[in-house]
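Please look through the sequence and the structure below before reading on. The paragraphs after it are meant to be followed with both in view.

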Amino acid sequence: MAGRRYVPRTQTPPTRTTVRGGDVRTPAAAVPPQATPTTTHTRTYTHTPATPLHLGLTLGPLRRGPADPTFRTTPDGSVWRASRTPDGPATLRVTEHGDTVRAQAWGPGADWFLARLPHLLGETDDATPFEPRHRLVAQTARRRPGLRLTRTGLVLESLIPSILEQKITTDEAYRAWRRLLHAYGEPAPGPAGQELRMRVMPDPRTWSLIPSWEWHRAGVDNKRASTILRAVKVARRLEEAADMAPAAARTRLELVPGIGPWTSAETVQRTHGAADEVTTGDLHLPGIVGYALAGNRDATDDDMLELLAPYAGQRHRAARLILLSGVSPQRRQPKMRRVDIANW
């Protein structure tokens, strides 16, 4: 059973709640796997997962919206990821073949990407201490097998989009991320750059040179832009946090003005696969957790943490499963109005 892919009998359409939980659909052999030509510039790696793996659920939190230029899924079930590694830009393509995972990588950072593939696929994620304490959590865990917590080891690529998501709608943040990457990123190495129009995010220096009016056109206010500029100035020190314990990493991130508990938690959940780092200060999460576990749609952060207390050490995993259940309170007011500051 090791590494066997989970294919649900029926699939309900993803919702905003499940998408936040990392619900990314990877077609199960919708078309035969396409062979990407292997050249002298292509690195390959084959990995056999020790436990069942669901690529979409594991890598889903890395996608920032359905049109994220750094993340693609293709009809053959492949997941593509473009990143800026310590060795340079790289593109990764991951496909499942029976009980094994085959990866191909391109670009200067290809070897770095492949060396860390088991971490990216959650191989170091230990879910054995996790024990469902609520029926909803237990049911979702059974219905969503193969969920692992990814560990990217790349701080800025998770930190910057998390800063963009501060205090605004996710749609606005996704739009800003896309616009900035298409304007200042670079084409992803290998076939993804041209065929899939994927982009690698800018390096710290390029981020620092983006003029103020371009931030404005992307819908990013001065507060968030200034936070990103402060972060890229100390990029090397922030990237060192990937080798720290999650709590210590959050402390280092929060030394940068404008980065608080919400942003640091959203970052280390992806960079470290941090099973216990639950997001606080969120507009919706306490109400979703409170409603799902106790019927309390008006739950506060304190209420949420009390409900998640039985999952100490695994609170983020429990929150992910709650989101993936799709259970959430109905809206009592219209969706937050989008404000496009580029029109000011």
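What follows goes from the overall picture to one helix and then to several salt bridges.

The model is a predicted one, and the average pLDDT of the protein is 91, with 89% of the residues scoring at least 70. Over residues 1-10, however, the pLDDT is below 50, although this stretch has 24 contacts in the model beyond near neighbours in sequence. Where pLDDT is low, predicted coordinates should not be read in detail.

The protein has 17 helices and seven strands, and of its 344 residues 51% are buried. Among the contacts with a separation of 6 or more, 70% are between residues 24 or more positions apart. The accessible surface comes to about 16100 Å², and carbon and sulfur atoms account for 51% of that area.

Helix 11, which covers residues 222-233, spans 16 Å between its first and last C-alpha over twelve residues, close to the 16 Å expected at 1.5 Å a residue. At its start, a side-chain oxygen of Asp-221 comes to within 3.1 Å of the backbone nitrogen of Lys-223. The buried residues of helix 11 are Arg-224, Ala-225, Ser-226, Thr-227, Ile-228, Ala-231 and Val-232, and the elements against which they pack are helix 6 (156-164), helix 9 (204-208), helix 10 (212-217) and helix 12 (235-239).

The structure holds 22 salt bridges. In one of them, the side chains of Arg-20 and Asp-282 meet at 2.8 Å, N to O. This pair links distant parts of the chain, 262 residues apart, since Arg-20 belongs to helix 1 (residues 16-20) while Asp-282 lies in the loop between helix 14 (261-271) and helix 15 (285-294). Arg-20 is partly exposed, with a relative accessible area of 31%, whereas Asp-282 is buried, at 12%. Both residues belong to a network of salt bridges that also links Glu-266 and Arg-270.

Another salt bridge joins Glu-165 to Arg-64, with the closest N and O atoms 2.9 Å apart. Because Glu-165 lies in the loop between helix 6 and helix 7 (170-184) and Arg-64 in the loop between helix 2 (55-59) and strand 2 (71-73), the pair ties together parts that are 101 residues apart in sequence. Glu-165 and Arg-64 are both buried.

Asp-125 and Arg-317 likewise meet through their side chains in a salt bridge, at 2.6 Å, N to O. Here Asp-125 lies in the loop between helix 4 (117-120) and helix 5 (135-143) and Arg-317 in helix 17 (residues 315-325), so parts 192 residues apart in sequence are tied together by the pair. Asp-125 is buried, as is Arg-317.

Technical notes: Residues are numbered from 1 along each chain as its sequence is written. This is a predicted model: local features need pLDDT of at least 70, side-chain atom pairs count only at pLDDT 80 or more; totals for chains, interfaces and linings use all residues. Side-chain values use heavy atoms; hydrogens and water are left out. pLDDT is the predictor's confidence in each residue, from 0 to 100. Contact means heavy atoms within 4.5 Å. Helices (H or I, at least four residues) and strands (E, at least two) are DSSP runs, numbered from the N terminus. Buried means under 20% relative accessible area, exposed over 50%, partly exposed in between (1.4 Å probe, protein chains only). Accessible areas come from the Shrake-Rupley method with a 1.4 Å probe; for residues, only the protein chains shown count as cover. The expected span of a helix is 1.5 Å times one less than its number of residues. A polar contact is a pair of N or O atoms within 3.5 Å; within protein, one must be able to donate a hydrogen and the other to accept it, and residues adjacent in sequence count only if both atoms are side-chain atoms. A salt bridge is a side-chain nitrogen of Lys or Arg within 4 Å of a carboxyl oxygen of Asp or Glu.
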